[in-house]
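The sequence and structure come first.

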Amino acid sequence: MLRATLKSLLARKLRLILSTLAVVLSVMFVSGSLVLTDTLGRTFDNVFSNIYSYTDVQVSAKSETADAASGNSSAILPVPASDVARIEKIDGVRKATGSVFVSGARVIGKNGKVVISQSGQFGGSWTGEDELTKLISGRAPSAPDEIVINNGLAKQAKFAVGDPVDIIARAEARKTYKVVGIMQYAGNRDSMAGETTVLFTEATAQQVMLGETDVFNVIDVKGKDGVTDNQLRDNIKAALGPKYTVQTGDELSKASSEAIRGLLKYFNYFFLGFGTIALLVGVFLILNTFSIIVSQRTQELALLRAMGASRWQIIRSVLIEALLIGTVGSLFGFLVGMGLGAAGASAFTSLAKMDSAGLGLPVAAIVTSFTIGILVTMISAVLPAIKAARVAPIAAMRDAATTDKPLTGITIGGGVVTAVGVGSLSWGLAGAGDATLLLVFGGVLLTLIGVALLAPLISRPLVAGLGSVFSWSVPGKLGRRNSSRNPRRTAITAGAVMVGIAIITMISTIFSSLSTAIGESVEKDLQADLIVYGQQTSDVPPIIQPDELKQIKALPQLQTVASVTYDVVSLNGKQDFVLAYDDVPAVITVLKLHPVAGRIDHIDSGEFTVDEKTAKERKYTVGSTIQVTFAKGQTKTLTLVGITNSTSNGNGVVVSNTDAQAGFTFPQPIQALVKAKDGVAVDDAKAAVEGVLKNNPEVSVQTKKELVGSSQQQFDVALVIVQVLLFIALGISVLGVINTLLLSVIERTRELGMLRAIGLRRRQTWSMVTIESVVITLFGTVLGLVVGAGLGAATVTALKSVIGFGAVTLPWGYMIAYIIGAVIVGAVAGLIPAIRAVRLNVLNAIAYE
Amino acid sequence: MTTTVTTGQAVAARAVDVWKVYGSGEAQVIALHGVSVELERGQFTAIMGPSGSGKSTLMHTLAGLDSVTRGEIFIGDTRLTGMSDGDLTNLRRTKVGFIFQQFNLLPTLTAEENILLPLSIAGRKADPKWYETVIDTVGLRDRLKHRPSQLSGGQQQRVACARALVSRPEVIFADEPTGNLDSRSGAEVLSFLRNSVREYGQTIVMVTHDPNAASYADRVIFLADGQVVDELLAPSADAVLDKLKGLDAKVESAADASQAG
């Protein structure tokens, strides 16, 4: 029996290749995403363990609004320099060194633009050469305008010792410094993780990075011999009290890499999301392939039955086949996926200028790949095998044709699954706290599976309708009939296409609705002609310098200039964004605000205003009080004095400018809304403001129209990225179409022979197969468009209350493009099966049994 | 009924010294051994012979489905040998009809659509009068909207016959048309084929190994070892059976002789 199984497996090479390919493709995506995230994760770990490998214990001030583990370091609290001496007296301490090292030193390159680094733009104090840091050229900084830069920055921006460099520091406007030295880290590393670093003299660093004198932000402590890091930490903690954060080097590297890993987790979700989609598509593909293969073998299996094989032997033989194909397919899929993951990781690390940790073999990836590959294949095979074993031997030998089974069961099942999916989706979208993401994701998944199960029923009218387009020619008619011949097979093949298209369409619908909503609301709510702001590239927001704002306000072309700043605070114990305006009446004018309750025309210290929607959500009324702890540490009780209407531009809590100046990490304006005087052309006003900002490369001026365009453009870019990834999943489903058609062509060999014998030309044969392919692809696409648009519209409608846009804009352009794409893809997918059909030897085909 | 004169005009299909060789060297099989036959227009010819005698190969080469190694094939005045696939397809569209043992109907089409399939493939319209005649002759009027799976074997084969007839081809080639039918349905199909020859002057060439089926033909050609060995006009089933027995004996003794030698 085993021998017979193996022989039949090897005898049909094409069948073997196609079914293995199905498994390879599905497993590939899953293992690829797991390997990628594993490699990146270890890369980040390495970076941080390197950075802190020479640190015994580090001391910093404890911040109320942000902790290091959450990755939010926007609030930097200074430690007085006198603490260094205090710490040195603590038992077990050999040496304490205070230093400044914070993000926010933006270096202006030779092209006049800020040197971009995804890993951070750090500025700090030069503490001399040590185990970690070495000068490779030049000398240490000694004058206030002298700096040392890391070799990574020197290479990236082509700076050499002696060059003048402009820097916007965290607490200082643009100023020119002079490079006197270039440094490297231990192990000849130009940077730790692709960041840029500028090191000033201690006094300059304190002033330009922290904005104060005689302060540090971290104190590195070295222990005496024989004192463990943990002991040292506990000693210092006990001596300094609760206002300080004391961490060992190990803790720090763990916390830092955990912060990055937190970000990586979303990355992981993203790829695993695609992995899941690919897997779903892959399951369709494997299931379909096996059900066709086994039904084609019904006769062969019946012969074995007639010769005395038991049902169990038949099922076992199919299962062994599936096990072999599943194992081989998973192995190849895993290897290819590993290659793809490694390629992705090396692309990422070289882009981010990091040293890759090298390719690893994550156990999770191995287990998942093989479990999924083998299990799915065997489950896919066992259902048709049971079906085949049930057929009476003689019946199967006499007539291999699979009879049309009623679709009642599958339709009811599909209906139930769809209903559960839609239910879960609506529950999730209505808001279910922590379970929301799970419910939404599960709902989308179940809806897709449910619709796929309903697809055989839908396929009859829909395929007939789509196919009628092609019915003007005989091959067209034949192709259409062929595609509705086996509704289950057509539906499951189209189902794989549907999944990809549905998800793309859903995301496009959400994005295009969002994009339209933004355009409309900006149009409606914003009275400003110009918006001055910068694209944030690090945790430090681009700032409009106070004197620049003063100059803008003095411009004769302008009528109103309102500046906005914001920061993260702890509001009633929770992290939240709060806004502050320097000129409340000006903001009221440009944002078209009006009072809903109380007064809004001025906000004094200890007061706040809020918009209507936020007030409703949080049940604030005029007179309500909130506890706000600002980034710089002070806690204040604020009283609500007025409620404004809600707009698209800046909802939430607005505190007084006085409180913002005292408490915000960056009290300087981050955004300015400008209204030109009547009669002044917008472009003239823009040119005037640009003139003021010519020395601030981070901040730019946009007209209202440009703002709408650039915010919509962001969605377009995001959409393109999502689409590229999903098209890969779609590619797998196209292979499913090829697979199905190839197997159909083989199955219908005799029929094709007859058609050729009675005069069907090669070209006509070609178009017959192609049209079948196009009809199946189109069916899947149309189904996907409807389901995707439905899911997208549901999401948009449900998010109405959360985000504040509710009008559904269907991405017609994309949708039409998908349909045209489907026709092309269908024709391409039909290519190989069509060639096979055309090359058929008429005589053999007629004699084919 | 037309005459049996073998003038060039009256020949529907013709094989001239046709050789068909499969394989080479040790594995070489000579399927046709210099066969020359003329199939007269308006005649019902049966080709008979034991298994491996080359009867199917002869029919396939005559129908332009298979190439010949040497010799020439004509349908009417058209020389098939050396034609391109496109020309052969054209020829099959206009001059040749097929009836297969396995019926070979398209399961997705109705009986009527199956019958009209060769015409619609060629983009031609059926002659309505002729179409009606064919439908009535095969007796399928009330079954036209049925799918093949809803028809019995005999009915399916009658659909296949109607499909071959409706385009009025020069020759219809029937490959064991009753091989998959019970004797009653087989007899129906055969008498229907004979009628279309007698009444409408259709030329039919049938390969069969059933003497009873051959007795419906006007002429029986016997093949053995790839050669035409005998021929019988207006045969009866018994006469055919006798001839076959003689042939089998000849073949057997030849085989014995070659083994002994």
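## Interface of chain B and chain A

Between them, chain B and chain A bury about 2200 Å², with 59% of that area on carbon and sulfur atoms; buried area is the accessible area (1.4 Å probe) that two parts lose on being put together, summed over both. On the chain B side, Leu106(B), Thr108(B) and Ile121(B) lose the most area to chain A, together 24% of what that side buries. The contact (heavy atoms within 4.5 Å) involves 21 residues from chain A and 24 residues from chain B.

Nine residue pairs are in polar contact between chain B and chain A, both residues being at pLDDT 80 or more. A polar contact is a pair of N or O atoms within 3.5 Å; within protein, one must be able to donate a hydrogen and the other to accept it, and residues adjacent in sequence count only if both atoms are side-chain atoms.

## Basis of the model

The model is predicted: local features need pLDDT of at least 70, side-chain atom pairs count only at pLDDT 80 or more, and totals for chains, interfaces and linings use all residues. Residues are numbered from 1 along each chain as its sequence is written, chains are lettered from A and ligands numbered from 1 in the order in which they are written, and side-chain values use heavy atoms, with hydrogens and water left out.

## Salt bridges

Over all chains the structure holds 31 salt bridges, each being a side-chain nitrogen of Lys or Arg within 4 Å of a carboxyl oxygen of Asp or Glu. Three of them cross the interface of chain B and chain A. Arg481(A) and Glu113(B) are joined by a salt bridge at 2.8 Å, N to O.

Within chain B, Lys145(B) and Glu112(B) form a salt bridge at 2.7 Å, N to O. This pair links distant parts of the chain, 33 residues apart: Lys145(B) lies in the loop between α4 (128–138) and α5 (153–165), and Glu112(B) in helix α3. Lys145(B) is exposed, at 62% relative accessibility (exposed means over 50% relative accessible area, buried under 20%, partly exposed in between; 1.4 Å probe, protein chains only).

## Chain A

Of the 849 residues in chain A, 54% are buried. A network of salt bridges links Arg233(A), Asp234(A) and Glu251(A). Arg233(A) is buried at 13% relative accessibility, whereas Asp234(A) is partly exposed at 40%.

Technical notes:
Helix = DSSP H or I, 4+ residues; strand = E, 2+ residues; numbered from the N terminus.
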